[in-house]
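Biologist: Thanks for sitting down with me. Could you walk me through this one, step by step?

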Amino acid sequence: MKPIIEKELCIGDGICEDICPQVFKLKDDGFAHVLDKNPDSDFWSAVEEAVRECPTDAIVLEAYGPEEELAA
Ligand code: SF4
């Protein structure tokens, strides 16, 4: 999966970083950024939790790869 942050929706509360700091980081510009665009599957459940917990639905997941396409 490939997490993407829609910057125009991000309010910079850092919830995603609290949940999964390996993948998300709040930077000096006040917005969350994706540190790891291809997170290991060990982090997928945390990334999905961040998607659910983001108050503005600013995190979008793009599926890619044959396995995920089949699962979709
Ligand atoms: S949880 Fe959502 S709104 Fe909050 S910093 Fe992360 S992307 Fe931005």
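Modeller: Happy to. Let me begin with the residue classes: Ala, Val, Leu, Ile, Met, Phe, Trp, Tyr, Cys and Pro count as nonpolar, Asp, Glu, Lys and Arg as charged, and the others, Gly among them, as polar. This is a predicted model, in which local features need pLDDT of at least 70 and side-chain atom pairs count only at pLDDT 80 or more, while totals for chains, interfaces and linings use all residues. Residues are numbered from 1 along each chain as its sequence is written.

Biologist: By class, how many residues of the shell around the ligand are nonpolar, polar and charged?

Modeller: A residue is near a molecule if its C-beta atom, placed from the backbone, lies within 6 Å of it. There are 16 residues around the ligand, with C10, I15, C16, A32 and C54 coming nearest. Sorted by class, the shell has twelve nonpolar, three polar and one charged residues.

Biologist: Which elements each supply at least two residues of that shell?

Modeller: Helices (H or I, at least four residues) and strands (E, at least two) are DSSP runs, numbered from the N terminus. The protein has three helices and four strands, in the order β-α-β-β-α-β-α along the sequence. At least two shell residues each come from α1 (15-19) and β2 (24-26).

Biologist: Is A32 buried or exposed?

Modeller: A32 lies in strand β3 (residues 32-34). A residue is buried if 20 or more other C-beta atoms lie within 10 Å of its own, exposed if 12 or fewer, and partly exposed in between, with C-beta atoms placed from the backbone. Because A32 has 26 C-beta neighbours inside 10 Å, the label for A32 is buried.

Biologist: Which residues make up the largest nonpolar core?

Modeller: In soluble globular proteins, nonpolar side chains tend to be buried together. A nonpolar core here is a set of buried Ala, Val, Leu, Ile, Met, Phe, Trp, Tyr and Cys residues joined through C-beta atoms within 7 Å. The largest one has eleven residues: C10, C16, C20, V23, F24, A32, V47, A50, C54, A58 and I59.

Biologist: Which residues does I59 contact, leaving aside its neighbours within four places in sequence?

Modeller: I59 lies in strand β4 and is buried because 25 C-beta neighbours fall inside 10 Å. The C-alpha atoms of I59 and I5 are separated by 4.6 Å, although the two are 54 residues apart along the chain. Two residues are in contact if their C-beta atoms, placed from the backbone, lie within 7 Å. By that rule, and with those neighbours left aside, I59 is in contact with P3, I5, C16, A50, V51 and C54.

Biologist: And is W44 buried, partly exposed or exposed?

Modeller: W44 sits in helix α2, and touches M1 and P39, not counting residues up to four places away in sequence. Since W44 has 15 C-beta neighbours inside 10 Å, W44 counts as partly exposed.

Biologist: What is phi of D57 near, in degrees?

Modeller: D57 is found in the loop between α2 (44-53) and β4 (59-62). With 10 other C-beta atoms within 10 Å, D57 is exposed. Its phi is positive in a residue other than glycine, with a value near 55 degrees.
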